[in-house]
Structures are given as C-alpha cells and as structure tokens.
Amino acid sequence: MASSLSSKIQRSAVVLSSAAIRIPTRSAVSPAAALHRALSAPTRGLVTSPHNRLAQSCILQKPILKSSSQVQTRWNSDEASPVKLQEWGFEDINAALPSSTSNSPTHKPIILIDVREPAELQGTGIIPSAVSIPLASQPDAMYLTPDEFETRFGFAKPDPTESEGEPAQMVFYCKAGVRAKTAAQMAVQAGYDPANIGVYSGSWLDWERKGGKVEKWEGNDS
C-alpha cells in the first residue's frame, strides 16, 4: 500500500511539472519597447498606405516649430514707395510766371510742362511760358537724348540744372492732375532729380476756374 501511495505522488508531480512547462512566463515590457514592437511588426490583413507611414513618422518625430522671425511676411519689402513730389498750387504757379515789370519780386525759376494732347490745347489754350510734351502720344519723351528730343519736338529738352543760380523746378500739369503726376513720376524714372520735380495738382481746371492767364496754343494738332 505504501508503494501505491508513492507512485500516485510521483504521477501528480509529473502532471504539475508538465503544466508548468506549458504556461509561458510573462516578462515586464517597457512602454517604449512595446510601441517600437507594435510599429515594427508587420500589419496583417491591412494595406500599408502613405497615410499610415505618415502617421507613424508623426508619432516618432518631434514637431518642428518655426520662430516668429521665420514666418513673418515682409509685405512691403518688394513694393517701392512712390517718390514724394512737391505740390504746386495756383498762387505758386502764378507767382513764378515771367513778368514784364522790372520791379517784380524774383521767384524760383520754373519750367511748366503741359502733358495734355495737342487737340486739347487747341480748344483751351495753354498757361503762359508752358511747353507741350503730351504724355499719351509721347510717353518716351523724357527718356530721349537732348538731340532726339529737339528733333522730335522742335525745342530744347527741359533741363533744370541749366538755369542760372539754383536749379529750376519742372512743374507738370494736365487737365485735372492725374496725367501730371504720372508724367512727373516718369521723369524721375528717367533720371531727373526728384528735388527738381513738381506737380500742379489742380492743373488746367483749377487754373481756368481761378482766372489764370491763358495763351493761345500755336502748335499743331498732330
């Protein structure tokens, strides 16, 4: 009977040892290792798409932040500011016109340039002493050489630096001031000193309304 009990104990021990072998031991896995194992393991039953790869890269990589100096937009760096030109009014023009009286006060010399078209001048006349350089039909006038200019227009190209004493002011005017400002800006682009360029903003409409002197236009309408 003792031998029978001993054999039963031996069989129980064998059964218990076999069960222990079948039960896997679980080791502690760190969160980082588990994440790496999950990402590196092949996906079963799923198609790996660029979106999946992008999601994995977003998890593993830290976001790159740009400083405020890198994202600032230089909104005004490429836009050239327009040249500030001297504004002339009716009284300024009237006082600077040549006078026949010998005791008249001296004023800064002025070169008046009417940029309206010849057909307009035929109907209205022109401010005394002004020269005609039409902007629409002769947009390249101020870019011409002195010889080319005189050949085309029949008079010398305006040059503020040729006046005696201080440089003269080239003052542009038209009908309402818009073309005059454009012509003045083009003169600056052609190389004229902005300090010698002015605009009569009121132009002919202001001159006529305030009773300014008028000369008949003697040029042709072509």
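Which side chains meet in a salt bridge with N to O at 2.8 Å? The pair is D140 and R152, where a salt bridge is a side-chain nitrogen of Lys or Arg within 4 Å of a carboxyl oxygen of Asp or Glu. D140 sits in the loop between β3 (131–132) and α7 (146–153) and R152 in helix α7, so this contact ties together parts that lie 12 residues apart in sequence. With relative accessibility at 32%, D140 comes out as partly exposed, and R152, at 39%, is partly exposed too. Here buried stands for under 20% relative accessible area, exposed for over 50%, and partly exposed for anything in between (1.4 Å probe, protein chains only).

A word on the model itself. It is predicted, so to speak of local features requires pLDDT of at least 70 and side-chain atom pairs count only at pLDDT 80 or more, while totals for chains, interfaces and linings use all residues. Residues are numbered from 1 along each chain as its sequence is written, and side-chain values rest on heavy atoms, with hydrogens and water left out.

As for the overall layout, the protein chain holds 9 helices and 5 strands, taken as DSSP runs (H or I of at least four residues for helices, E of at least two for strands) and numbered from the N terminus. Going along the sequence, the order reads α-α-α-α-β-α-β-α-β-α-β-α-β-α. Of the 222 residues in the protein chain, 27% are buried. Among contacts (heavy atoms within 4.5 Å) with a separation of 6 or more, 64% join residues 24 or more positions apart. The protein chain exposes about 15900 Å², and carbon and sulfur atoms supply 56% of that; these areas come from the Shrake-Rupley method with a 1.4 Å probe, and for residues only the protein chains shown count as cover.

Back to the charges: the salt bridge count comes to 5. One of them joins D114 to R116, at 2.9 Å from N to O. Both partners are tucked away, D114 being buried at 0% relative accessible area and R116 buried at 1%. R116 has an aromatic neighbour as well, as its charged end sits over the ring of W204, 4.6 Å from the ring centre (the rule asks for NZ of Lys or CZ of Arg within 6 Å of the centre and within 35 degrees of the ring normal).

Helix α9 (residues 203–209) carries both D206 and R209, 3 residues apart, or about one turn of the helix. Their closest N and O atoms are 3.0 Å apart in a salt bridge. D206 is buried at 9%, whereas R209 is exposed at 61%. Together with K210, D206 and R209 are linked in a network of salt bridges.

Then there are the rings, with 5 aromatic pairs in the count. Rings of Phe, Tyr and Trp (its six-membered ring) pair if their centres lie within 6.5 Å, with planes under 30 degrees apart called stacked, over 60 edge-to-face and the rest tilted. F149 and F153 have ring centres 4.5 Å apart and planes at 35°, so they make a tilted pair. The two belong to helix α7, 4 residues apart, which is about one helical turn. F149 is buried at 0%, and F153 is buried at 18%.

Y200 and W207 make an edge-to-face pair, because their planes meet at 85°, with the centres 6.5 Å apart. Y200 is buried at 1% and W207 at 0%.
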